[in-house]
Amino acid sequence: MKFVHCPQCGTKLIKKEIGDEGLVPYCEACGRPWFDMPYACTITLVINEYDEVALLRQGYVSAEHYVCVAGYIKCGESAEETAVREVKEELGLTVEHIRYTRSYYFEKKDMLMLAFEAHVKKEEFHLSGEVDQAKWMTFEEAHPKMRPGSVAIQLLERYFAGKR
């Protein structure tokens, strides 16, 4: 999120040198800086007891590639709560164990993606309206169906590198 006007009073912000942060949007009326910030979201690699991953297709994301479960963090929610909620909403699965792995900055959409591995029991999916299709896949099945260099494929590769 890039601030142009003060969220409190509406005054147009100026750029002001703030310590070692450099030029930062600043409200002269309120006397405070407003640091630009990325949107916070989670991305989750869902794994069952057979080391298969649940990947999904969402036409509005990609017509050709499968992706991991992802979603925006809501106010009052922790990143872990978001990841668990999104797995339940999008796939209808209950997370038994979740582990934070790392963060990724996704410049194209100005998002800070907090990545998780979520372990679930292999069950039938109950898809949300946002999801066109979901499949359980092995690493060998999943890898060629994902966008090269994407955060999702990095999560997949990282998880299975630790298994080998």
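Predicted model: local features only at pLDDT ≥ 70, side-chain atom pairs only at ≥ 80, totals over all residues.

Let's begin with helix H1, which runs over residues 79-91. Its 13 residues reach 18 Å from the first C-alpha to the last, close to the 18 Å expected. Ala79, Thr82, Ala83, Arg85, Glu86, Val87, Glu90 and Leu91 are its buried residues, and what covers them includes strands E4, E5, E6, E7, E8 and E9. Just after H1 comes Gly92, with a positive phi of about 75°.

Now hop along to helix H3, residues 151-163. It has 13 residues and reaches 19 Å, close to the 18 Å expected. Here Val151, Ala152, Ile153, Leu155, Leu156, Tyr159 and Phe160 are buried, and they pack against strands E4, E5, E7 and E8 plus helix H2. Two of these residues, Tyr159 and Phe160, also join Phe139 in a cluster linked by ring pairs.

On to the rings: the whole structure holds six aromatic pairs. One of them is Phe3 with Trp34, tilted at 50° between the planes and 5.6 Å centre to centre. Phe3 sits in the segment before strand E1 and Trp34 in the loop between E3 and E4, 31 residues apart. Both are buried. Tyr100 and Phe116 make an edge-to-face pair, with 70° between the planes. Tyr100 is in strand E7 and Phe116 in strand E8, so their pairing ties together parts 16 residues apart in sequence. Tyr100 is partly exposed at 40% relative accessible area, while Phe116 is buried at 1%.

Finally, go back to Trp34: the charged end of Arg32 sits over its ring, 3.5 Å from the centre.

Technical notes. Residues numbered from 1 in each chain as written. Heavy atoms only, no water. Helix = DSSP H or I, 4+ residues; strand = E, 2+ residues; numbered from the N terminus. Expected span 1.5 Å × (residues − 1). Buried < 20%, exposed > 50% of the residue type's maximum accessible area, 1.4 Å probe, protein only. Contact = heavy atoms within 4.5 Å. Phe/Tyr/Trp six-rings, centres within 6.5 Å; stacked < 30°, edge-to-face > 60°. Lys NZ or Arg CZ within 6 Å of the ring centre and 35° of its normal.
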